[in-house]
Amino acid sequence: MYSCQVAKTRIRSEEAEGAKPRLSKRTVTESALKLADADGLDALTIRKLAQHLGVTPMALYWHFRSKEDLLEGVAEQVWGELDVNVDPDAPWWAQLQGLMESLVSVLRAHSAAAQLLLEHEKRNEAALRATEVTLDVLRRAGFDPQHASAIARSLLWTGITLVMSEPGYKPELDPEEREEMQRRNQVALAMLPASRYPRLVECAAPMTTCDEPEFHYRFGIGLFIDGVKAAALRLSGEATADTRSG
């Protein structure tokens, strides 16, 4: 009877601690990302996530010590979705473009991802891997460490900016509210004095709405890649000039 009583006490103790064996770190971060996408990053809390998973908040503290720690885990989850398998036979700029397209695709798939990576740029394994691959592409393309590092940083921030600058970007709004906001913004620009702001009036629609989201991203990514290609040519020319002068 004594041993039976001890066993029951142990079971009750595990239940009180939040049924730790039922959860995995990945399950928690996946659920947290879904909640953040649905309700916004600021609305994500340990208590709300625990309710969603059907456990006590203490169960989550086995994996994450705080909300900040949880957000770092969710950021790693986002980074882990990037496809960093570049085609070694493709031109270097095409490899770089593929990495950027993957980044933008992941950011678009999760409404909370842009803000998450903007505020939680930490050195998790998935982020390190993506950065390592990007730097390797650039170094093999001939960029020195300083320029390769600058381009790699710019790629990340350009991807985030592209998503957050899409006209009507307001993850916290539902589609109807977003459409109404865009309509109001368009009307506000269109009603400006045409004598003073002829170009703003002319561009009122494309400045405030995004009927072709793919154009927004295709053009933005192309603009970045064209800039990196131009930098490669300029740096190559400078190197050649330095060699001749030497």
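The side chains of Glu202 and Arg199 form a salt bridge, with an N to O distance of 3.2 Å. This pairing belongs to a predicted model. Glu202 and Arg199 are three residues apart in helix α11, so about one helical turn separates them. Glu202 is exposed, because its relative accessible area is 53%. Arg199 is likewise exposed, at 60%. Salt bridges with shared partners also link Glu180, Arg183 and Arg184 into one network.

The salt bridges number eight. Among them is the pair Arg140 and Asp136, at 2.9 Å from N to O. Both residues lie in helix α8, four residues apart, which is about one turn of the helix. Arg140 is partly exposed, with 49% relative accessibility. Asp136 is also partly exposed, at 36%. Lys48 pairs with Asp39, and their closest N and O atoms are 2.8 Å apart. Lys48 counts as partly exposed at 30% relative accessible area. Asp39 falls in the partly exposed class at 40%.

The secondary structure consists of 13 helices and zero strands. Of the 246 residues, 34% are buried. Among contacts with a separation of 6 or more, 69% join residues 24 or more positions apart. The protein exposes about 15,300 Å², and carbon and sulfur atoms supply 53% of this area.

Helix α8 (residues 125-140) also packs against helix α5 (residues 67-80). Their axes come within 7 Å and cross at roughly 35°. The crossing is left-handed. On the α5 side, the contacts involve Glu76, Trp79 and Gly80. On the α8 side, they involve Glu125, Ala126, Ala127 and Ala130.

Ser31 lies in helix α2, which spans residues 25-39. Ser31 is buried, because its relative accessibility of 11% is under the 20% cut-off. Leaving aside residues up to four places away in sequence, Ser31 touches Leu49, His52 and Leu53.

A nonpolar patch lies on the surface, formed by Tyr197, Leu200 and Met207. Together these residues have about 260 Å² of accessible area. Leu200 sits in helix α11 (residues 198-202), the helix that also holds Glu202 and Arg199. Leu200 is partly exposed, at 31% relative accessibility.

Key. Residues are numbered from 1 along each chain as its sequence is written. This is a predicted model: local features need pLDDT of at least 70, side-chain atom pairs count only at pLDDT 80 or more; totals for chains, interfaces and linings use all residues. Side-chain values use heavy atoms; hydrogens and water are left out. Patches are made of residues with over 30% relative accessible area and no salt bridge: like charges are joined within 9 Å, nonpolar side chains (Val, Leu, Ile, Met, Phe, Trp, Tyr) within 5 Å. Accessible areas come from the Shrake-Rupley method with a 1.4 Å probe; for residues, only the protein chains shown count as cover. A salt bridge is a side-chain nitrogen of Lys or Arg within 4 Å of a carboxyl oxygen of Asp or Glu. Helices (H or I, at least four residues) and strands (E, at least two) are DSSP runs, numbered from the N terminus. Buried means under 20% relative accessible area, exposed over 50%, partly exposed in between (1.4 Å probe, protein chains only). Axes are lines fitted to C-alpha atoms, for helices over the stretch in contact, and angles run from 0 to 180 degrees between N-to-C directions. A crossing is left-handed if the near helix is turned anticlockwise from the far one by less than a right angle, and right-handed if clockwise. Contact means heavy atoms within 4.5 Å.
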